[in-house]
Each structure stands twice: as structure tokens, then as C-alpha cells.
Amino acid sequence: MSGVESITVGPEEAEQRLDRWFKRRYPELGHGHLEKLLRTGQVRVDGKRVKSSHRLEPGQVVRVPPLATGDASPVERAGPRAPRPNPALARLGEDLRRRVLHRDDWLIVLDKPAGLAVQGGTDTTLHLDAALDELRFGSEERPRLVHRLDKDTSGVLVLARTQRAAAKLASLFRGRDVHKLYWAAVVGLPQPLSGRIDLALSKRPGQSGERVRPDQEEGQRAITYYRTVEHAGRKASWLALRPETGRTHQLRAHCAALGTPILGDGKYGGADAFLPGKEVSRQLHLHARAIELPHPAGKTLRVAAPLPPHMVATWKFLGFSVSAGPASREEFEF
């Protein structure tokens, strides 16, 4: 680079850590040297000093100083090494390719497995973001994340195949044009059997990771529609959930506030989130069942994902009907 650059963060880069943003754009720049540039104020975001863990937002401007060869260590000056083969990443890529529910020139819809983090973090090196090169399918561009699911939530996840598609999809997800349908098994029977939860939530850091809590004064408004599809007496219920807003852990916090925590969600339901016995898995029973959105090329795209194995087993144990077919428009209307 011959001079200072000012780079605007795109929609597809939202919520990305600054150090990972640099690693993707400037792989020759070592982490230690990036930290030095941050400490000396040579790298800034919107004119402000930030840390490497800063989460970027669309529209922010990153100041990138000249990266001369002298900024690099002797190893880095010799040029980036060819990446070592990663068998675990290759296996993950193979599994994800089998999980493609829909693919066209604009986007890919995946059936994300439960237990797979969408992005990396502390002690998380194997995640979906690291495997996106495995989902190019011959494209010159790497797919981009346009929304997220919790690590332990399974189901439909949309990827943009191009920067142009990412911009259009990010705009849709920020608005109210994308409709999401979730299925959950909860402990207990909600009263009433269907309704609307309007409960503001605020984030609260903790030793066990990020979580939210009801906060009507300072929290962000969060709205969820729910209906009971089937129930096993008062022991457990199958709920269909349609979030109107997209707050962190919204469905988990709302179900717990309703008095029916999601099965396996000890974080929000404590001991009450588990059924006695060994017949039912202790995994989180929350599944992104289907998504409906205006396709960037026109018409409406609706894609559904089958229940994951641990939820199929629970459905059978509780006597619920197991459906793996396509989602209908009526399923979103409640």
C-alpha cells in the first residue's frame, strides 16, 4: 500500500471482529503488528481508537495505514505460507455441502447442524465462517453470512453468494420482509396456548457468556408470536414461534418468561428446562424450521429444514407427529 486507506464496512461484514476483518483482507499482516498499529492509533474506526475485539457495523470506516514490508516480521516479509491442510475443516465442508437446502446464483440456504458455531470466538476454531470457502461451488467469490443462529440452534441459515446479493439480503434482514419460523419443545404447557409476547430485553455480560434479561425500562423491544402445535399433557409442548424482532436469545428468553423454558436450555431455564430420565436429550430443542423472503431476483423464496436427530427422537418419545415436508404459507400465519 502506498498511502492511508479509508475502507467502509459492508453489510456482509456486520458484527465481524476487527482482527478477523484484517486477517481476511490483509493475511500478510501478523496479529502482533496489528495490535501495535492499534495501540499507536494508526488503525482507527470512525476516527476513534478501538481494540482488536471491536465488532464492526455496516457503514463504519476503518482507517488502514501504509503497510510497508518493514511492518512485518522476517517470516511475514518472506510472504504468506501456503495454508496447511485441515482435515477437520474439510470434513465440515463436506457435511455442509450435503446440508444445502437451496442454491442459486444469488444465495445458499443451509441446514445448520446443532452445535456448530456460526463464527469463531475464544477456544472456537472450527466454525461455519471458517468453512465458507468449502461452499463456493465454483464461484470466484466466497459466500457471506447475512444473519446468524446460536451455536446450539439448528436449521435454516442463509448465505449470500456475492457482495451484491449480500447487500440486498442484509437490507431485507434489517427490515420486516424476512419471515422466520422456529419449532421448539418446551417444558410445561403455556397459558394461553397461543399469543404474543411483547417483552423488552437487554444484554448482560457474564462468566457463562452473553445473555439477556427482561428490561422494560432500558431494554430493546422484542416481540414473539407463538402457538401450541401439540402437547403431552402438561409435561411438555411443541411450540411454533415467529419472532417479529431479532434480539439476541430472544426466543429462549421469551419462552422462559412465559414459564415454559425451551427443553435443554439450562442457561435461561435452569433445572426446570430438563425432563427427568434419560429418554430425552439434554441438547437445546430449538430449530429454525423455515424462512420466507423476497428473492433478490424476484418472487418469494420459502425453504424449510427437517428436524435434527435429537429433536426427532424427542418428538417420537412425547408422541408428537414428526413432519419433514416443505413449509406452507399458512404455517407463518399466527
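Contact here means heavy atoms within 4.5 Å. By that criterion, residues 24 or more positions apart supply 64% of the protein chain's contacts with a separation of 6 or more. This is a predicted model: local features need pLDDT of at least 70, side-chain atom pairs count only at pLDDT 80 or more, and totals for chains, interfaces and linings use all residues. Residues are numbered from 1 along each chain as its sequence is written, and side-chain values use heavy atoms, with hydrogens and water left out.

**Overall fold and size**

- The protein chain carries eight helices and 15 strands. Both are DSSP runs numbered from the N terminus: helices are H or I with at least four residues, strands are E with at least two.
- The radius of gyration, taken over C-alpha atoms, is 22 Å for the protein chain, close to the 20 Å from the globule rule for 334 residues, so the chain is as compact as a globular protein of that length. The globule rule is 2.2 Å times the number of residues to the power 0.38.
- Along the principal axes, the C-alpha atoms fill a box of roughly 70 × 45 × 40 Å.

**Surface and charge**

- Of the 334 residues in the protein chain, 46% are buried. Buried means under 20% relative accessible area, exposed means over 50%, and partly exposed lies in between (1.4 Å probe, protein chains only).
- The protein chain exposes about 17200 Å², with 47% of it from carbon and sulfur atoms. Accessible areas come from the Shrake-Rupley method with a 1.4 Å probe; for residues, only the protein chains shown count as cover.
- The protein chain has 53 positive and 39 negative charges, and their mean positions are 2 Å apart. Lys and Arg count as positive, Asp and Glu as negative; His and the chain ends are not counted. Each charge is placed at NZ of Lys, CZ of Arg, CG of Asp or CD of Glu.

**Nonpolar cores**

- The largest nonpolar core has 47 residues. Such a core is a set of buried Ala, Val, Leu, Ile, Met, Phe, Trp, Tyr and Cys residues joined through side-chain atoms within 4.5 Å.
- Leu96, Leu128, Val158, Leu169, Leu241 and Leu286 have the most contacts inside the largest core.
- Leaving aside neighbours within four places in sequence, Leu128 is in contact with Leu96, Leu110, Leu116, Ala117, Val118, Leu145 and Leu157.
- Another core, of 19 residues, lies apart from the largest one; Leu181, Ala185, Trp315 and Leu318 are among its residues.

- Val187 sits in strand β8, residues 179-187. Its relative accessibility is 14%, so Val187 counts as buried.
- Beyond four places in sequence, Val187 touches Lys235, Ala236, Gly259, Thr260, Pro261, Leu263, Asp272, Ala273, Phe274 and Leu275.
- Val187 and Ala232 are 45 residues apart in sequence, with 9.8 Å between their C-alpha atoms.
- Ala131 is in the loop between β5 (107-112) and β6 (144-145). With 0% relative accessibility, Ala131 counts as buried.
- Apart from neighbours within four places in sequence, Ala131 is in contact with Leu89, Leu92 and Leu96.
- Ala131 and Arg142 are eleven residues apart along the chain, and 9.9 Å separates their C-alpha atoms.

**Backbone exceptions**

- Most residues other than glycine have a negative phi, and most peptide bonds are trans.
- The peptide bond from Gln191 to Pro192 is cis, with omega near 0°. Pro192 belongs to the loop between β8 and β9 (194-198).
- Phe137 is not a glycine, yet it has a positive phi of about 50°. Phe137 lies in the loop between β5 and β6, and at 31% relative accessibility it counts as partly exposed.
- His249, also not a glycine, has a positive phi of about 55°. The loop between β13 (236-243) and α6 (250-257) holds His249, which counts as buried at 13% relative accessibility.

**A helix site: Ala167**

- Ala167 is in helix α5, residues 163-174. Its relative accessible area is 35%, so Ala167 is partly exposed.
- Ala167 and Ile262 are 95 residues apart in sequence and 33 Å apart in space, C-alpha to C-alpha.
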